[in-house]
Amino acid sequence: MSIKSKLKPKDGVSLRTIHLLLVIGAFVLSGLMLFSATYLSISFKNLTENSQKYFELKNACLELNDASDYMTERVQRFAVTGNKQCLQEYYNEAFLIKHRDEAVETLSKGTESTEALESLENAMNVSKQLMNREYYAIKLVVEANNIEEYPLPLDDVELSERDAALSAEEKRNRAIDIVFDNDYYSQKALIHDSMHESLNELERLVNESEKKALNNMRGMLTFLSVMIIITTVAVFFLVWLASRLGINPIIKAVDKIKSGNKIPEGGTTEFRYLVRAYNQMYDMYKKSLEKLDFKASHDELTGVYNRTGYESLLSSIDFSSTYMLLFDVDNFKEINDTYGHETGDKVLQKLARTLKNYFREDDFICRIGGDEFIVLMLHTPEKQQELIAKKINSINEKLKKTDDGLPSTSLSVGIVHGSEGEELDELFKKTDVAMYESKRNGKGKYTFYSTNLNSKA
């Protein structure tokens, strides 16, 4: 029997068939990569849209909180100064601009989460309830200052017989008490808590969505990596048949993936498309890692900025319109020695929560040492001593209470305005000098820096 007769079709596959299979395989692999790249691009787009949606909803929540804080600041300033401009600005926000109503409307249209919407509506309801106290305080100041024209609907507000009989000065003092007492700030705390509950719910939803999307994209990236490896092997064989065409771009891509870097564009059109999709995902992944920086800049115990975060903030702050307040817990060592470090930690946590409740969302609260905190009050002009004093007194009153099972404590505070110095070190030293002056005056005190303190230091 001849050799030719022994070679039957079932004995092997011809080169033509192999070549045809390779060509078909190359088309199939290219199609799979194109599908993967398209899927990744769509996934990235969806993830970006979800993140943008979360940003909008988050801004809506913060806008309600900011509007509430703005109205509080306006009514407090009106109570303290009697400035009719503050009254007009309060009216504009409450009845013309209506940031709070817009925030609730935005959230109601933008999310299916009833919990987030209910929390925001609760914040809105408490904010409106708080307005009744503010109306009453405004009415007292209006009558005390004999203001005849006022934009607010105060005609329906009736003063009690006792308050109506007060003198002008007593009415002003009564108005100040109403918008600075613990009940007022307790309602403010309810607004902040409801807003944070809404934000937490939104964050939970977006985290679930992002986690699901990232898991899908990780799987697709794994699949994509396998496709790249298979394509590399196939291209090696094809290049052996076709003068090693296109091998260098794929080798570089594999090396970059292994080293954890972006892939430079090159090669075929399909491969360039794949590279763009991969690089987009690479950039998105890098951005997700930036979220981890939060832990590096915040104090784990209290949740406020730590010293690292404080130092990074300094370069972005305009100190010409900023107050720097240095807080030191009085007798903190005695608390640790008497009650233990666990109780001392709880005292610091209580202090951090109290500072957050009594200062604005725009203000930065930092723990720079064991029991030392700094508050940076941004966008605050000079001559706000009375407002700051009210806040500090309210904070000290809160810390003295022991109904939560924690020992009574107080703060010694040094305060300086950024206009007092050009160098940051100089400003900090001045707050330190003022704080120790408070210590010398009996603790639980506050001192605004003045030049005559240098002679005592």
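A salt bridge here is a side-chain nitrogen of Lys or Arg within 4 Å of a carboxyl oxygen of Asp or Glu. The model on screen is predicted, so local features need pLDDT of at least 70 and side-chain atom pairs count only at pLDDT 80 or more, while totals for chains, interfaces and linings use all residues. Residues are numbered from 1 along each chain as its sequence is written, and side-chain values use heavy atoms, with hydrogens and water left out.

**Whole chain**

Start with a cartoon view. The protein has 17 helices and five strands; helices (H or I, at least four residues) and strands (E, at least two) are DSSP runs, numbered from the N terminus. Of its 457 residues, 44% count as buried, where buried means under 20% relative accessible area, exposed means over 50%, and partly exposed lies in between (1.4 Å probe, protein chains only). The protein exposes about 25,200 Å², of which carbon and sulfur atoms supply 52%; accessible areas come from the Shrake-Rupley method with a 1.4 Å probe, and for residues only the protein chains shown count as cover. Among contacts (heavy atoms within 4.5 Å) between residues at least 6 apart in sequence, 69% join residues at least 24 apart.

**Salt bridges**

The count of salt bridges is 16.

Select K439 and D330. Their side chains form a salt bridge with an N to O distance of 2.7 Å. The pair links distant parts of the chain, 109 residues apart: K439 is in helix α16 (residues 424-440), and D330 is in the loop between β1 (323-329) and α13 (332-339). K439 counts as buried at 18% relative accessibility, and D330 is buried at 3%.

Next, select K188 and D69. The closest N and O atoms of this salt bridge are 3.0 Å apart. K188 sits in helix α8 (residues 182-241) and D69 in helix α2 (residues 15-81), so this pair too links distant parts of the chain, here 119 residues apart. Both K188 and D69 are buried.

Then go to R174 and D163, a salt bridge at 3.5 Å, N to O. R174 lies in helix α7 (residues 168-180) and D163 in helix α6 (residues 161-164), so the pair ties together parts that are eleven residues apart in sequence. R174 is partly exposed at 34% relative accessible area, whereas D163 is buried at 6%.

**Inside helix α16**

Return to helix α16 and select T431. T431 is buried, with a relative accessible area of 0%. Leaving out residues up to four places away in sequence, T431 touches M324, L326, G414 and V416.

**Surface patches**

Switch to a surface view. Patches are made of residues with over 30% relative accessible area and no salt bridge, with like charges joined within 9 Å and nonpolar side chains (Val, Leu, Ile, Met, Phe, Trp, Tyr) within 5 Å.

Select I24, V28, L32 and F223, which make a nonpolar patch of about 300 Å². Helix α2 gives the most to this patch, with three residues. V28 is in helix α2 and is partly exposed at 45% relative accessibility.

Last, select E63, D66, E102, E361 and D362, which gather in a surface patch of negative charge. Asp and Glu count as negative and Lys and Arg as positive, while His and the chain ends are not counted. The place of a charge is NZ of Lys, CZ of Arg, CG of Asp or CD of Glu. D66 lies in helix α2 and is partly exposed, with a relative accessible area of 35%.
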